[in-house]
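Dear colleague,

I am passing on the structure below, and I would be glad if you kept it open while you read the notes that follow it.

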Amino acid sequence: MTAPMIIALLVTAFMIYLIMTDKVPFGAAPMIACALMVLFGVTDIATAFRGFSNSSIIMLASFMAVIAGLQKTRFIAAFKRTIVNMAAKGGYKAYVLIILVAMLGTSLFGTGSTAYYVMTLGLLSTIPSTKALPRSKFLMPAGFACNHPLIPINTALQYGYVLAVLEAGGMAMSVSLPKFAIANLILSLAFLAWCLVSYKFMPSKDIPETAETAEAAVEETVELPKWQEYVIYGCFAASIIGMILQSKIGDAGYAVVATAVCVLLLTKIMTFKEICSSLGAPIILMSAGVIGVAEALGVTGLTSLVGETVAGMLGSSISPFVLIFVFCILTSVLATMTGSTIGTVLVFAPMAVATCVSLGFDPTAAAAAIVVSGWCGHFLPIDGLPAMCMGLGNYTLKEFWMFTIPQYFIRLLALTVGCLIMFPM
């Protein structure tokens, strides 16, 4: 291990310590880590702070402003009122319903859709807390539900990567899409089961005295003229469409979101101060900063070193379950640490495929599981979805880990089992 690798790991550990102990305000720890990476020569300043020019971060910051505008509408006031009423009647039932609705939405948008989880978390963060259903009880489970389709009909992206890594590993072959969808369903059901259990362990924070207090806060919403509400709805719809089409039209899709913010300013729906408050929110600093940390970890060559070491340690006499599970852990850990899900998958999945072939195993289950595992890390708040969950829910790192660490192993175990059932080796 080289000196830059050691320094990068130490700086990352220090960043996690700062987040864990709340020694600095939320969002400041990654900024400190980026500065230290440059100071100790791990990477240059352009790489360390590249997150602030990242198209996803610009989209995220802009969309937070659009969400802030959406909160001024009668629709959101009615939405909040409905959730408050549900919470007053039965907290656990409302909790389950929120999780199911988020998972059903994922079925349409697809796993890992940035647009969908940003939209969902933005809306959920506007729901007032009640004694029957504190926001901290449901925000994190519902956020991660945006990664698990209850009806896996939109798995084209991951399915395409499965075919790609099989070809890269020297085993170009057809894979049953229905079987791949069922493997995803097994993963989603395991996640749902954990959510149903974890309700008891989720913290209760920021609870108003009564549900009536929350309802009163909703009623205090200043009503805008109808034409301004229609402008907000149009900006919101355009932002969603732009993000969905980003894969086809490139960064222009993200620019649509930024343009929507300009429209809100020009129509005087939001003041410049309100927009700046959304653009510079701590969650944006956190998300942009961790990209720089991930970049620094990647340029040191740590990913390749770890991959080669683990592959060498596996040996030739190993069960298919252990082989897949180990590679899933490796892929998900490094995807989380580096922030590059697709890049990590494309490095380790072909390696696992080649290993399976050399051992005489059918590599389909390994390819399917390892591709999906790239989106199943999230045990550290150093990626978009987990960072948003932790920041918007105001969770401590201990509270975050109480949900995410069990979730991590439950998901990977279910994923491994599901792929082996659908694609026997």
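Gln-228 touches Thr-267, Lys-268 and Ile-269, leaving aside residues up to four places away in sequence, and please keep in mind throughout that the model is a predicted one. Gln-228 itself is found in helix H12, which covers residues 226-244, and because its relative accessibility is 10%, which is under the 20% limit, Gln-228 counts as buried.

Turning to the aromatic rings, the structure holds 11 aromatic pairs. One of them is formed by Phe-144 and Phe-403, whose rings are stacked, with 5.9 Å from centre to centre and 15 degrees between the planes. This pair links distant parts of the chain, since Phe-144 lies in helix H8 (residues 135-145) and Phe-403 in helix H22 (residues 397-422), 259 residues apart. Phe-144 is buried, with a relative accessible area of 0%, and Phe-403 likewise counts as buried at 0%.

In the pair of Tyr-408 and Phe-409, the ring centres are 5.1 Å apart and the planes stand at 75 degrees, so this pair is edge-to-face. Here Tyr-408 counts as buried at 5% relative accessibility, whereas Phe-409 is partly exposed, with a relative accessible area of 39%.

Conventions: Residues numbered from 1 in each chain as written. Predicted model: local features only at pLDDT ≥ 70, side-chain atom pairs only at ≥ 80, totals over all residues. Heavy atoms only, no water. Helix = DSSP H or I, 4+ residues; strand = E, 2+ residues; numbered from the N terminus. Buried < 20%, exposed > 50% of the residue type's maximum accessible area, 1.4 Å probe, protein only. Contact = heavy atoms within 4.5 Å. Phe/Tyr/Trp six-rings, centres within 6.5 Å; stacked < 30°, edge-to-face > 60°.
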